[in-house]
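Let's take a walk through this model together. Have the sequence and the 3D view open side by side, and we'll start from a residue in the middle of things.

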Amino acid sequence: MQKLLRRRFGVLAAETAERIADLPLERSEDLGEALLDFTAVTDLEAWLRQH
């Protein structure tokens, strides 16, 4: 997941990367699907706040 996000948005803030690394598998899979709709890193940050 980290590779996909880095390719899409570049290097992520350490806090954001840690939050993603701590996601359970099911949430990580949900994030992978949601990533297809993200257009900016703010979309990722909003998704993390909601989940």
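Start at leucine 31, which touches Met1, Leu5, Ile20, Leu23, Phe38, Leu44 and Trp47 once residues up to four places away in sequence are set aside. A contact here means heavy atoms within 4.5 Å. Before going on, some ground rules: this is a predicted model, where local features need pLDDT of at least 70, side-chain atom pairs count only at pLDDT 80 or more, and totals for chains, interfaces and linings use all residues. Residues are numbered from 1 along each chain as its sequence is written, and side-chain values use heavy atoms, with hydrogens and water left out.

Leucine 31 sits in helix α3; helices are DSSP runs (H or I, at least four residues), numbered from the N terminus. Is leucine 31 buried or exposed? Its relative accessible area is 0%, so leucine 31 is buried. For the labels, buried means under 20% relative accessible area, exposed means over 50%, and partly exposed is in between (1.4 Å probe, protein chains only).

Now zoom out to the core. Leucine 31 belongs to the largest nonpolar core, 12 residues in all: Leu5, Phe9, Leu12, Ile20, Leu23, Leu31, Ala34, Leu35, Phe38, Leu44, Trp47 and Leu48. Such a core is a set of buried Ala, Val, Leu, Ile, Met, Phe, Trp, Tyr and Cys residues joined through side-chain atoms within 4.5 Å. Helices α1 (2-9), α3 and α4 are the elements that give two or more residues to this core.

Arginine 27 has 33% relative accessibility, so it counts as partly exposed. Beyond its neighbours within four places in sequence, arginine 27 is in contact with Trp47 and His51. From arginine 27 to leucine 48, 21 residues apart along the chain, the C-alpha separation is 9.8 Å. Serine 28, also in α3, is buried because its relative accessible area is 18%. Serine 28 contacts Met1 and Leu23, again leaving aside neighbours within four places in sequence.

Next, the packing of two helices. Two packed helices are described by the angle between their axes and the distance between the axes. Helix α2 (residues 14-21) and helix α4 (residues 41-50) pack at about 50 degrees, with their axes 11 Å apart. Axes are lines fitted to C-alpha atoms, for helices over the stretch in contact, and angles run from 0 to 180 degrees between N-to-C directions. The pair α2 and α4 is therefore oblique; under 35 degrees would count as roughly parallel, over 145 as roughly antiparallel, 65 to 115 as roughly perpendicular, and the rest as oblique.

Which residues meet where α2 and α4 touch? Thr16, Arg19 and Ile20 come from α2, while Leu44, Glu45, Leu48 and Arg49 come from α4. Sorted by class, this contact has 3 nonpolar, 1 polar and 3 charged residues. (Ala, Val, Leu, Ile, Met, Phe, Trp, Tyr, Cys and Pro count as nonpolar, Asp, Glu, Lys and Arg as charged, and the others, Gly among them, as polar.)

Threonine 16 is buried, with a relative accessible area of 10%, and it touches Leu44, Glu45 and Leu48, not counting residues up to four places away in sequence. Arginine 19, by contrast, counts as partly exposed at 35% relative accessibility. Arginine 19 is in contact with Leu48 and Arg49, leaving aside its neighbours within four places in sequence, and its C-alpha atom is separated by 7.8 Å from that of leucine 48, 29 residues apart along the chain.

Finish in the loop between α3 and α4, where threonine 39 lies. Threonine 39 is exposed, with a relative accessible area of 70%. Leaving aside its neighbours within four places in sequence, threonine 39 still has contacts with Arg8 and Phe9.
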